[in-house]
Amino acid sequence: MHQTKLIGLLKVLDKGELIRFTHFLKSPFFFQGRQLADVQKLMQYLMRYHPTYDHPKIAKEKVFAKVFEGEAFQERRFKHLMTKANKALEQFITLTYRDPYFDRLPETLSWVTFYRRKKRSASFLKAHQKAVNVQAAQSQKDDVHFWVDYLLARELAEHDSMFNMRKTDVNLPQTLARLDYFFIVAKLEAACVLLSQKKHQIPLGTNGELDALKALMPLLQHGRYREEPLIDLLFQTYELLQSSEGTTHYKKLKACYNEKAMSIALNQRQIVHGVLRNFCTQQLNKGQKDYLAELFDLYQEGLAQGVLDSGGGLLPSTFQNLATLGIRLGKYDWVEQFLEAQRMRIIGMEEPESLYTLNRANLLFAKAQYEEALEYLTYNFADTYLKLIARRLEVQIYYELASPLLASKIQAFKIFVFRTAKIHLTPLQREGYTNFIDLLKQIIHPSTPHKPQRIKSLTAKLEGKETVAEKQWLLDKLKQVALKERF
């Protein structure tokens, strides 16, 4: 029974959902008679073993004996019970995880539909006006807001068609206009996400995904739709993503975001803010160091506004980026406070404490507290990516301590990267770590400090490589070597 579909579904429910499922089973609207009592008894028994459901007492014979006390085991009856329980759980999941568009439709819209279908014109018009007022009072708009606008316009068109016998335009112009607003918002939002992925993850296809939107550009550049803050923000986000240079578009979008962000919903703010951060990251990767402080300010702003939140916490990448930016800018006190305040809010990884620990080591390393940093690196990092960073940081610490173990640590790190690369590293990551190892080995070579031309050649070589882990640190070490030789 441990491998049944029912157990598989129950394992993925959290405790709150499991409790709500038991309440759901008590509803006579869905279940009646003996089958209800049997399924309820089954769930009461199984709940004891949540969330693993791996106890020997979950054998089908034992479960049957608990549900059907005093009766001999019957395979056919047991299968019938499991089928009923499966259907009940599937129905519960269907109702719980409905499409968000339908989940978020206001109750006022239901009353509008009810009175129209019941042909109660006066009540319909009153309910419709109430729903329109609720929409107008919303301070933040998203795609669902424009979808509800369209549905309300369509409801009025249906009503007018029913009672006016087509003597007027039956609200069809407004219905079409509201549908346009929803289409534009939905299309712009999806296009921005797609273009952002194109720049950072995947190539854009050649199937004309954006042809319909491109056709709308003249209308969006000069039409009335840009009066809506959400459409204006998404349009300018799209323009920045399509731009090859982008600095001017970035400044315009940032100014627009600062002015209008609080009038749009959180999901849409996250899209726009993410594009702003990604642009700054691109500029940093091109060597534009001025964008380091700009990016940090955006991250701080996003943290304060909740824009960086995901499911009630911070994703590992967000936590890592904030700590790294703060360290690079020398804001050690801020990073200290950030690590302690946010360490319990890391989500999306099995051992969030490992990420906190690694960043504590990074902070101590930046403050030249090398021995203390090494103590944090004794942590058993299970995540391969974090283990790589920890090993690289360990090598840097042994360099700073002028340890006689440095050469062996570099060699051990090289072997680790080689073994890890095929499965866990992208080609760029492998290149970055490999270049770091090779260049560091050349820096510590006994002949390097005594040959200015070699130092100069190594510096040019390092500056010419685009992909090098800890590139700035290596450049700093070369400068230090050159200064020692000079004096």
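**Loops, helices and a pocket**

Author: K119 is found in the loop between α7 (107-117) and α8 (121-136). Helices here are DSSP runs of H or I with at least four residues, strands are E runs of at least two, and both are numbered from the N terminus. This is a predicted model, where local features need pLDDT of at least 70, side-chain atom pairs count only at pLDDT 80 or more, and totals for chains, interfaces and linings use all residues. Residues are numbered from 1 along each chain as its sequence is written, and side-chain values use heavy atoms, with hydrogens and water left out.

Reader: What is phi of K119 near?
Author: Phi of K119 is near 60°, a positive value in a residue other than glycine. Most residues other than glycine have a negative phi, and most peptide bonds are trans.

Reader: Which residues does a cis peptide bond join?
Author: H50 and P51, with omega about 5°. P51 sits in the loop between α3 (33-46) and α4 (60-67).

Reader: New topic. What pLDDT does the chain average?
Author: The average is 88, and 93% of the residues score at least 70. pLDDT is the predictor's confidence in each residue, from 0 to 100.

Reader: Which element has the lowest mean pLDDT, and which the highest?
Author: Helix α6 (residues 100-103) is lowest at 64, and helix α17 (residues 332-342) is highest at 97. Where pLDDT is low, the predicted coordinates should not be read in detail.

Reader: At what angle do α15 and α17 pack?
Author: Helix α15 (residues 291-305) and α17 pack at about 35°, with axes 14 Å apart. Axes are lines fitted to C-alpha atoms, for helices over the stretch in contact, and angles run from 0 to 180 degrees between N-to-C directions.

Reader: Which residues make the contact?
Author: F296, Q300 and L303 of α15, with W334, F338 and Q342 of α17. Contact means heavy atoms within 4.5 Å.

Reader: And how far apart are the axes of α13 and α14?
Author: Helix α13 (residues 247-260) and helix α14 (residues 266-285) have axes 11 Å apart, at an angle of about 145°. T247, Y250, L253, K254 and Y257 in α13 meet R269, V272, H273, L276, F279 and C280 in α14.

Reader: Last one. Which helix gives the largest share of the lining of the second largest pocket?
Author: α24 does, with three residues. A pocket is an open set of points on a 1 Å grid over the protein atoms alone, where a 1.4 Å probe fits, with protein on both sides within 12 Å along at least five of seven lines; lining residues have an atom within 4 Å of a point. Y399, Q480 and K484 are among the lining residues.
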